Amino acid sequence: MLRVEEINVTYGKAVALMDVSLHLERGELVTLLGSNGAGKSTLLKCVSGIKPPIKGRTIFDGEEIQKLPSHKIVQRGIIHVPEGRAVFPDLTVEENLRMGAFCRKDENAVRKDMDFVFALLPRLQERINQSAGTLSGGEAQMLAIGRGLLAEPKLLMLDEPSLGLAPVLRDNIFAVIRQIYQEKDITILLVEQNARWALQVAARGYVLENGRIRLEDTGEKLAANPHVQRAYLGY
Amino acid sequence: MESLFLQQTLNGLIIGSIYSLIAIGLTMIFGVMKISNFAHGDYSMVGAYTAVFLMAWVPGWMGWVGSIIAAAAVVGILGIVTERLIFRPLIGRWTDIDIIMVSIGLFILLENLAQLFFGATPQMISDPFKGATVHIGGVSTSVLRVFCFGFSCIAIGALQIFLNRSKLGVAIRATSQNRFAAQLMGVDINLIYTLTFWVGAALAGVAGVLYGTTFAVHPLMGAMPTLKAFVVTILGGMGNIRGAIFGGFILGIAESLGGNYLAMEYQHAIGFFIIILVLLLRPRGLFGAKEGT
């Protein structure tokens, strides 16, 4: 479904990604591990067209997309839920969700998805007319995910969804992600600092270090890998 | 004494509505593109000249109302042209200070072009209501000013409906709050830039007709509205539209009352005194968001 082929991304003279390749098949949940500054967010930004690569290709459903502007990539169904939640603080919860559906025309389908999101995340419905800036961290993360779902994603890229959340809220987010994956016909690329959980839920995983892919394997095998255990699982 | 206070408050409300109209565009452009456009008041100058020329053809109130619409169209196009040719190529490449310098260059260019083509002599837009006045209670004002106030409020109200009810309007607000996230929603950021400049400049053009009818029209008339709009924008919070609306009225009333109770000569200084106070006591402005959000 998505193939990233040997991309390089630079910020000025600093090389953020070097010869990075990865692929996701339809319906897979794949995780991307790596420490701070390894280039995980850059990779997502590259796929979503915010930070185009200087070399290499990204191919989605057989089409080269690395040169498309971000709004065209969203229209093709690649939805990036950014790190740090990034909700629109002065818009209401409902307006935030509607922004998620910005590219969609079919009002009935949008309303259906809105109902799905409210069933999944009932707190959002309670706070529908509140401005997003007043939400707690966990609620804002729920909103960011809900907003992403309203874009009708084929590929959902979640960047650190549990970052900065208390353990209870974090488990809650994990349950929500699991439920989305089970109930929707959706492919997920998950960047997650909680490697233990990510490797449990993901079929496959990649380890990104210093802008390069260091390891690639199934979730189970990565969890058993001594390097991964030392660096990411805290053994 | 009391009626003098009411009278000055009314005058302040009327001029304040025009300040709001100019400042809204400035603050929208700042919010969405992070550009401080020092040529913004010159959009008003071009709007005022549009009225001078149109009303030479069609005098009276029909010409006046027509020139408000024409100014919105002409200056709206000027806004789009300046955005596409001057500002967009620089965004993300040049620093904020560089872009401010470029906008000051644009301001000088527009002033001098106006001087070249229209001459330096101030021109009057004749009062379409022939100096008629209205009296309500103990206060009085010209019919012209009542209409200026009315048109300002209509334009502000229409903008509010656009920004709150339409998809593109909400997208403008969203972009202003978080440009990166808006792009991830599939918002075409360049379209939003153009739209914001178009709307902001058109409002300034409308304000220019109202301002020019109240005062006089000359090539250098844009400087004062630019400065006033910056006062309003800082007062209300950079990028905050509601802040710009209220800030405009606050500045208008403060100038009017201050000019009356302190001294007429200090009228224009009051705005800058307000800036100093705001920057000292509440740098994010009356309605501004907290740091980091």
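**Entry 1. Two helices of chain B**

I looked up how helix H3 and helix H8 of chain B lie relative to each other in this predicted model, and I recorded them as oblique. H3 covers residues 60–87 of chain B and H8 covers residues 189–214 of chain B. Their axes are 7 Å apart, and the packing angle is about 140°. Angles over 145 degrees would count as roughly antiparallel, so the pair H3(B) and H8(B) is placed in the oblique class. I also noted the hand of the crossing of H3(B) and H8(B), which is right-handed. I then sorted the residues of this contact by kind: 15 are nonpolar, eight are polar and two are charged.

**Entry 2. Chain B as a whole**

How many helices and strands does chain B have? I found eleven helices and two strands. In sequence order the pattern of chain B reads α-α-α-α-β-β-α-α-α-α-α-α-α.

I next checked the dimensions of chain B. Its C-alpha trace spans about 55 × 45 × 35 Å along the principal axes. A compact globule of 293 residues would have a radius of gyration near 19 Å, and the 19 Å of chain B agrees with that. Of the 293 residues of chain B, 49% count as buried. I also looked up the sequence separation of its contacts: among those with a separation of 6 or more, 77% join residues 24 or more positions apart.

**Entry 3. Chain A as a whole**

I repeated these look-ups for chain A. Chain A has ten helices and ten strands. Its C-alpha atoms fill a box of roughly 45 × 40 × 30 Å along the principal axes. In chain A, 66% of the contacts with a separation of 6 or more are between residues 24 or more positions apart.

**Entry 4. Where the chains touch**

I turned to the contact between the two chains. Chain A gives 21 residues to this contact, and chain B gives 17 residues. Which elements of chain B give two or more residues to the side that touches chain A? They are helix H6 (167–177) and helix H7 (179–184) of chain B. H6(B) supplies the largest share of that side, six residues. By kind, the side of chain B that touches chain A divides into nine nonpolar, five polar and three charged residues.

I then examined two residues that have a positive value.

The phi of A:Glu6 is near 45°. A:Glu6 is found in strand E1 of chain A, which covers residues 2–11. I counted A:Glu6 as partly exposed, because it has 13 C-beta neighbours inside 10 Å.

The phi of B:Lys130 is near 55°. Where does B:Lys130 lie in chain B? I located B:Lys130 in the loop between helix H4 (96–118) and strand E1 (133–136) of chain B. B:Lys130 has 11 other C-beta atoms within 10 Å.

Key
Residues are numbered from 1 along each chain as its sequence is written. Chains are lettered from A and ligands numbered from 1 in the order in which they are written. This is a predicted model: local features need pLDDT of at least 70, side-chain atom pairs count only at pLDDT 80 or more; totals for chains, interfaces and linings use all residues. Two residues are in contact if their C-beta atoms, placed from the backbone, lie within 7 Å. Helices (H or I, at least four residues) and strands (E, at least two) are DSSP runs, numbered from the N terminus. Ala, Val, Leu, Ile, Met, Phe, Trp, Tyr, Cys and Pro count as nonpolar, Asp, Glu, Lys and Arg as charged, and the others, Gly among them, as polar. The radius of gyration is taken over C-alpha atoms; the globule rule is 2.2 Å times the number of residues to the power 0.38. A residue is buried if 20 or more other C-beta atoms lie within 10 Å of its own, exposed if 12 or fewer, and partly exposed in between; C-beta atoms are placed from the backbone. Axes are lines fitted to C-alpha atoms, for helices over the stretch in contact, and angles run from 0 to 180 degrees between N-to-C directions. Angles under 35 degrees count as roughly parallel, over 145 as roughly antiparallel, 65 to 115 as roughly perpendicular and the rest as oblique. A crossing is left-handed if the near helix is turned anticlockwise from the far one by less than a right angle, and right-handed if clockwise.
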